[in-house]
Amino acid sequence: MRSALSARTKDARSRFCRGNPSFGAHVMMAASISTAAYCPGRRRGHCLHIWLNVNLTVESWFQKQGPDMNAAEKTRGLRGWLDRRYHLTPLFEFLRRKEVPLGTHWMGWYYFGGITMFFFIVQVITGVLLLMYYQPGEATAYELIRSMHSWSAHLMIISLTLHMFSTMMLKAYRSPREVTWVSGYLLFLLTLGFGFSGYLLPWNKLAYFATTVGTNIVRSVPLLGSWLLEVLRGGQDVTINTLYRFFAAHVVILPLAFVGLIGLHLLLIQRQGMAPPIGEKIAPRGMKFFPSFALRDVLLWLACLTLLLTLTVFLPYGPGIPGMDWELGEKANPMAPAYPGIKPEWYFLWEYQLLKEFPPHLFGLEGPQVCLFLIAILFGIWAIIPWLDRRAYHNKPSPAFSDFGWAAILFLTYLTLTGWDIGARGASSELAAMHNVARVCAWWTLAAGAVVIVVRYWLYEDRWFFLAGAALLHVALHGLVGMSYLLAGAISVVLAGLVIATSRLVGSRSGSTGSN
Ligand code: HEM
């Protein structure tokens, strides 16, 4: 029994304290103190069970320990006062020793989580200020704060996207950080929810019609479609009830869920530390979090604040491109006819464009239904990447998953550019405009893809390009050859599958070389 318990203890210690030995020592000390103090006369196994469930999460930070107790008694001032009551010394000690791993990768990627956090804080502050003046359905004078809130939302989504893809490329999701990835993924979904619900709140003509189009998509969800639509809209149509629902979601439901999840995300990062570069069990060097990394963080936050204020003052209604324009315009009028060319925010453009590429009917189902099914599969794969990438799990470079990340970026780039109608100007007819857009966007995406491949080849010594290659082939077949989007996609996926299977069969070296 005793040896089983000590094995469990060791296992728990190694899982929770990987890369953080001092923290591990705190946990172990807390364990022995609490076992003796709280469980006199009780069975030890029972006590250890309690410890595993409770102490690992709370006491290891706040448990008073011998030397620290003395330190707390001696410390004067506010810190001593707090320490004697709340036993914060272990927490301060932990933070003092905290390090960020240095490796061959660019350290800059480690800052995007913090930058996203900064923009989220700006969102909360400006959101509360807006709340003081905003009344649903009324136009009120709060433009500067509104502009700041809108700019900060866009900048937050940009930094969030960079953070998500950088943690993906660095394989920071690998064991034991799977839950960090999943909590981040849920934060990403909630952020999109904020964007979608916030869009309707100005209650102007554009927001009204964009929300009508956007919410209409859920109608295609099999079986639950019309029920979901009614839940979302508060009726069959977009009315003032929809506005009240979106308002409640935007200012209460989503923030509550977001704050809970962000707490979990940050707690996990504190417990496990940041992921060392893949392939190295323990990071060879580390940068002290306090003060070195934290000061850099603060400096970057100041730069972000300067950028945000500059944009707010000089471009109060956005850069004026579709999907980034928040001039109030006319008030919403459900009786007014819908006007063509309504687009969602830029970060939803890829979905909007993908829906447009599907025919009305496919495989006996409605086209949008098949499209939603495909999007659900893609989102599902993204959520479980930590469990799919077996090489990264064993701390080995997994170039196929880096390539998957790049293929996803190219796929999103092409759809977003075409959704933006880049290249449509000057065309004689709607059909000619569509062909022009596809061609121009294909050239842009192919150029970006070529740069990515060359950089990965030379700088990172990657040799695995099958998926990024398939994404580029898809773009070329659709945009340059003029094939339908779905046929081009099917050909590219089948070809990629064949090439990967063949290369595996002939034992090609390409699968085992490369960096991340
Ligand atoms: C509002 C959303 C988010 C905030 C505020 C946030 C914040 C942070 C912060 C401050 C860090 C530590 C420093 C860093 O690596 O940048 C971090 C790490 C991490 N985040 Fe996020 N994050 C968010 C969303 C996401 C998303 C969408 C994902 C992925 C789906 C994600 C996955 C991760 C992972 C795996 C780590 C660990 C990095 C490592 O160990 O090197 N996060 N996050």
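**Exercise 1. State what share of the protein chain counts as buried, and describe its overall make-up.**

Solution. Of the 516 residues of the protein chain, 32% count as buried; a residue is buried if 20 or more other C-beta atoms, placed from the backbone, lie within 10 Å of its own, exposed if 12 or fewer, and partly exposed in between. The model is predicted: local features need pLDDT of at least 70 and side-chain atom pairs count only at pLDDT 80 or more, whereas totals for chains, interfaces and linings use all residues. Residues are numbered from 1 along each chain as its sequence is written. The protein chain has 22 helices and four strands; these are DSSP runs numbered from the N terminus, with helices (H or I) of at least four residues and strands (E) of at least two.

**Exercise 2. Determine how helix 9 and helix 10 are oriented to each other.**

Solution. Two packed helices are described by the angle between their axes and the distance between the axes.

Step 1. The axes of helix 9 and helix 10 cross at roughly 155 degrees and come within 11 Å. Axes are lines fitted to C-alpha atoms, for helices over the stretch in contact, with angles running from 0 to 180 degrees between N-to-C directions.

Step 2. Helix 9 and helix 10 are therefore roughly antiparallel; angles under 35 degrees count as roughly parallel, over 145 as roughly antiparallel, 65 to 115 as roughly perpendicular and the rest as oblique.

Step 3. In helix 9, Ala153, Met156, Ile157, Leu160 and Met164 meet Gly184, Phe188, Thr191, Gly195 and Gly198 of helix 10. Two residues are in contact if their C-beta atoms, placed from the backbone, lie within 7 Å.

Step 4. By class, this contact has six nonpolar, four polar and no charged residues. Ala, Val, Leu, Ile, Met, Phe, Trp, Tyr, Cys and Pro count as nonpolar, Asp, Glu, Lys and Arg as charged, and the others, Gly among them, as polar.

Step 5. Pro176 lies in the loop between helix 9 and helix 10, and the peptide bond from Ser175 to Pro176 is cis, with omega near 10 degrees.

**Exercise 3. Identify which element gives the most residues to the shell around the ligand.**

Solution. Among the 26 residues around the ligand, Gly113, Ala172, Gly184, Phe188 and Ala275 come nearest; a residue is near if its C-beta atom, placed from the backbone, lies within 6 Å of the molecule. Two or more residues each come from helix 8 (112–133), helix 9 (143–169), helix 10 (178–200) and helix 13 (240–272). Helix 10 gives the most, with seven residues. The shell has 16 nonpolar, nine polar and one charged residues.

**Exercise 4. Is Gln353 buried or exposed, and which residues does Gln353 touch?**

Solution. Step 1. Gln353 is placed in helix 15.

Step 2. Gln353 counts as buried because 22 C-beta neighbours lie inside 10 Å.

Step 3. Leaving aside residues up to four places away in sequence, Gln353 touches Leu415, Thr418 and Gly419.

Step 4. The axes of helix 15 (residues 349–357) and helix 19 (residues 399–419) come within 8 Å and cross at roughly 80 degrees, which means that helix 15 is roughly perpendicular to helix 19.

Step 5. The buried residues of helix 15 pack against helix 16 (367–383) as well as helix 19.

**Exercise 5. Where is Phe363 found, and is Phe363 buried or exposed?**

Solution. Phe363 is found in the loop between strand 3 (361–362) and strand 4 (365–366). With 8 other C-beta atoms within 10 Å, Phe363 is exposed. Its phi is positive, about 50 degrees, although Phe363 is not a glycine.
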